[in-house]
Amino acid sequence: QVQLVESGGGLVQAGGSLRLSCSASGTSFSILTMGWYRQVPGKQRELVADITSGGYTNYSDSVKGRFTVSSDNAANTVSLQMNDLKPEDTAVYYCNAEFMWSAGLNTAWGQGTQVTVAS
């Protein structure tokens, strides 16, 4: 299996920046895609941004131009640089990985990290 450990997050004023990082560990796995989702109470978890092992990126319309997702395939890490943060970006952010291992295709989630943007 794969375990994801997140770091970063916290409280920031509107217009500020934060950086989230996530590291994947385990045995005999191959990452296909890593990315970030977010969730606020009472709403569904939504995709923020993801990146494939080939470097193809995908962003939600609400963060395009403000957030940048990047990865280090050799280290199995993904980062999310968040600039010009807005109060509506406040949420719990979850790292996600789609990977192949001996049992086939699977998905892993991090424990979540709180991002709070004060107006």
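Helices (H or I, at least four residues) and strands (E, at least two) are DSSP runs, numbered from the N terminus. This is a predicted model, in which local features need pLDDT of at least 70, side-chain atom pairs count only at pLDDT 80 or more, and totals for chains, interfaces and linings use all residues. Residues are numbered from 1 along each chain as its sequence is written, and side-chain values use heavy atoms, with hydrogens and water left out.

View 1. Along the sequence the pattern reads β-β-β-β-β-β-β-β-β-β-β. The C-alpha atoms fill a box of roughly 45 × 25 × 20 Å, taken along the principal axes. The radius of gyration is 14 Å, which agrees with the value near 14 Å for a compact globule of 119 residues. That radius is taken over C-alpha atoms, and the globule rule is 2.2 Å times the number of residues to the power 0.38. Of the 119 residues, 39% count as buried. Buried means under 20% relative accessible area, exposed over 50%, and partly exposed in between (1.4 Å probe, protein chains only).

**View 2. A disulfide joins Cys-22 to Cys-95.** A disulfide is a pair of cysteine sulfur atoms within 2.5 Å. Here the S to S distance is 2.0 Å. A search of the whole structure finds 1 such link. The angle about the S-S bond is -85°, and the link is left-handed. Cys-22 lies in strand S3 (residues 18-26) and Cys-95 in strand S9 (residues 91-101), so the pair ties together parts 73 residues apart in sequence. Cys-22 counts as buried at 2% relative accessibility. Cys-95 also counts as buried, at 0%.

**View 3. Strand S5 pairs with S4 and with S6.** Two strands pair if DSSP finds at least two bridges between them. S4 (residues 30-39) and S5 (residues 46-52) are antiparallel over 6 bridges. Met-34 has Ile-51 in S5 as its bridge partner. Their hairpin has 6 residues between the strands, and Gly-42 takes a positive phi near 85°. S5 and S6 (residues 57-59) are antiparallel over 3 bridges. Asp-50 has Asn-58 in S6 as its bridge partner. This hairpin has 4 residues between its strands, and Gly-55 in the turn has a positive phi of about 95°.

**View 4. Leu-32, Met-100 and Leu-105 make a nonpolar surface patch.** The patch covers about 260 Å². Met-100 is in strand S9. Met-100 is partly exposed, with a relative accessible area of 36%. Like charges are joined within 9 Å, and nonpolar side chains (Val, Leu, Ile, Met, Phe, Trp, Tyr) within 5 Å. Accessible areas come from the Shrake-Rupley method with a 1.4 Å probe; for residues, only the protein chains shown count as cover.

Definitions and conventions
Patches are made of residues with over 30% relative accessible area and no salt bridge: like charges are joined within 9 Å, nonpolar side chains (Val, Leu, Ile, Met, Phe, Trp, Tyr) within 5 Å. A salt bridge is a side-chain nitrogen of Lys or Arg within 4 Å of a carboxyl oxygen of Asp or Glu.
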